[in-house]
Amino acid sequence: MKKLMILVSCVAFMAAMTACKNDTAREARQILDEPFKQEREFMKDAIRHRSPDVQRVDLIGNTVVYTHIFDGIIDVKTYTYDGDVCVEAERVYTFPTQMSALRHYRRAIEQAELYDNIQLFNNEVKYDLKEEQHKLETKGLTKEQLKAKFDKQISDAKADMKAHDAKFKADIKKDGKCIENDMKCCDRKDCKNKHHKK
């Protein structure tokens with residue numbers, strides 16, 4: 001009876017330890033998956049709203065993740081830091097079609113002096129930037145400073161786009177007024193504009 005009680009206690013103890021281990025592993029997976037979940041939601045939202053050009057930068061642990069969606073192409077750059085020094089940079093392009101991915105893959109192979117570990121998976125091209133290449137982009141910048149640099153590029157691009165849109169709207173309004181004036185002019189029989197003279 002004593003042996004049976006000890007055996008049952010041991011089994012119960014092992015079951016409790018396994019449950020704790022599973023809970024800890026589940027919590028760790030959820031913590032690790034959270035940035036990727038946020039990234040997936042960001043991508044889904046951009047695609048759902050058919051955003052022609054979306055840029056975003058995130059600081060996740062020891063990495064800076066810069067995402068740019070344009071013309072249906074998703075470009076994700078991941079800069080991994082050890083302390084205040086970038087030790088690795090990876091780039092992943094996701095293309096709308098496998099054919100466009102293959103074209104990009106061929107170009108990357110032709111520029112092999114810039115990249116390592118070039119891989120093609122269906123419509124995705126992945127490669128690592130060579131050390132000299134990523135040092136050019138990150139030299140002297142901590143991960144916070146690199147994020148700030150990307151944030152500034154994004155805000156500058158948005159400001160340029162806003163200015164371009166405002167100019168475009170003003171030009172349309174101006175051209176519309178000219179067309180409207182020409183139409184009013186042509187309605188009059190006694191118009192003396194040069195465009196009526198032959």
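This is a predicted model: local features need pLDDT of at least 70, side-chain atom pairs count only at pLDDT 80 or more; totals for chains, interfaces and linings use all residues.

Let me begin with the aromatic rings, of which the structure holds 5 pairs. In one of them, the rings of Y66 and F150 have their centres 4.6 Å apart, and because their planes meet at 25°, which is under the 30 degrees used as the limit, the pair counts as stacked. Where do Y66 and F150 lie? Y66 belongs to strand β2, residues 63-70, while F150 belongs to helix α4, residues 143-187, so this pair ties together parts that are 84 residues apart in sequence. Both of these residues, Y66 and F150, are buried.

Another stacked pair is formed by Y93 and F95, whose ring centres are 5.7 Å apart, with 25° between the planes. Y93 and F95 are buried as well. If you follow the ring pairs onward from there, you find that they link Y93 and F95 with Y115 and Y127 into a cluster.

Now to the nonpolar cores. Which members of the largest core touch the most other members? This core has 20 residues, and the answer is V64, Y79, Y127 and F150. Its residues are drawn from several elements, and at least two come from each of β2, β3 (73-82), β4 (85-94), α2 (98-110), β5, β6 (124-129) and α4. To take Y79 as an example, its contacts, leaving out residues up to four places away in sequence, include V64 and F150, and among the others are N62, C86, E137 and L146. There is also a second, separate core of 5 residues, and V65, I69, I74 and V76 are among them.

Finally, let us turn to N117, which sits in strand β5, residues 115-121. Is N117 buried, exposed or partly exposed? Its relative accessible area is 45%, and because that falls between the 20% and 50% limits, N117 is described as partly exposed. The side chain of N117 makes a polar contact of 2.8 Å with the side chain of Q119. As for E90, its C-alpha is 9.7 Å from that of N117, although 27 residues separate them in sequence.

Thank you, and I am happy to take questions.

Notes: Residues are numbered from 1 along each chain as its sequence is written. Side-chain values use heavy atoms; hydrogens and water are left out. Helices (H or I, at least four residues) and strands (E, at least two) are DSSP runs, numbered from the N terminus. Buried means under 20% relative accessible area, exposed over 50%, partly exposed in between (1.4 Å probe, protein chains only). A polar contact is a pair of N or O atoms within 3.5 Å; within protein, one must be able to donate a hydrogen and the other to accept it, and residues adjacent in sequence count only if both atoms are side-chain atoms. Rings of Phe, Tyr and Trp (its six-membered ring) pair if their centres lie within 6.5 Å; planes under 30 degrees apart count as stacked, over 60 as edge-to-face and the rest as tilted. A nonpolar core is a set of buried Ala, Val, Leu, Ile, Met, Phe, Trp, Tyr and Cys residues joined through side-chain atoms within 4.5 Å. Contact means heavy atoms within 4.5 Å.
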